[in-house]
Amino acid sequence: MAINEIFDSTEEKMMNAEEAMKNDLLAIRTGKASTALVENIQVEYYGAMTRLRDIAGLATPEARLITIQPWDQSAVKAVEKAILASPLGISPVSDGKIIRLPIPPLSEERRVALTKQVKARLESAKVELRNARRDANEALKKAQKASEITEDELKNHLDKIQKMTDSYTANLDNLAAEKEKELMTI
């Protein structure tokens, strides 16, 4: 494997870990309405599991309200059932055409629990980064053993991989800190 391929592959894995964490953090409720809270809820629609965003229009007309308007009115009951079954913890209010999700303010206890979720997600993202770093380091050491690169080049490349890892770790820490601040702000 070429050295550039090792770096590209490692950076791609690290970017994917960062993007996955960003998406997961969007789905953590902060007391403000966001369609990201519900868009990936799986709804049984004509016998197939379908994401909510694929079968309904989602909107946030107010700061604490999400509206869901299924394109097929026969799906309203299935959407309500899926929301109730989700870990969101919000009861839907329906008039038969539009489903409203009032977002209640978070209690202090719930804020602390959500902050723990953020920290757990941060740690799993850091594990992904460390795994990508380990894979890259092993590939570089194999290249050095195969005499594709010198020992000095190996050291420089390992340092470069470590700097990349440190950069992505700092980005993840910042994302988690922003989310925690958002959660703890009333």
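1. The side chains of K13, R134, D135 and E138 are joined in a network of salt bridges, a salt bridge being a side-chain nitrogen of Lys or Arg within 4 Å of a carboxyl oxygen of Asp or Glu. The structure as a whole holds twelve salt bridges. As background, side chains of opposite charge can pair when their charged atoms come close.

2. Before going further, please note that this is a predicted model, in which local features need pLDDT of at least 70 and side-chain atom pairs count only at pLDDT 80 or more, while totals for chains, interfaces and linings use all residues. Residues are numbered from 1 along each chain as its sequence is written, and side-chain values use heavy atoms, with hydrogens and water left out.

3. Which residue forms a salt bridge with D24? The partner is R121, and the closest N and O atoms of the pair are 2.4 Å apart. This pair links distant parts of the chain, since D24 belongs to helix α1 and R121 to helix α3, 97 residues apart; helices here are DSSP runs of H or I with at least four residues, strands are runs of E with at least two, and both are numbered from the N terminus. D24 counts as partly exposed because its relative accessibility is 36%, whereas R121 counts as buried because its relative accessible area is 13%. In these terms, buried means under 20% relative accessible area, exposed means over 50%, and partly exposed lies in between (1.4 Å probe, protein chains only).

4. A salt bridge also joins the side chains of E39 and R53, at 3.6 Å from N to O. Here too the pair links distant parts of the chain, with E39 in the loop between α1 and β1 and R53 in the loop between β2 and β3 (56-62), 14 residues apart. E39 is partly exposed, at 21% relative accessibility, and R53 is likewise partly exposed, at 32%.

5. E123 and R130 form another salt bridge, in which the closest N and O atoms lie 2.8 Å apart. E123 is partly exposed because its relative accessibility is 40%, and R130 is partly exposed with a relative accessible area of 35%.

6. Y46, in the loop between β1 (42-45) and β2 (48-51), has a positive phi near 50 degrees, and Y46 is exposed, with a relative accessible area of 66%.
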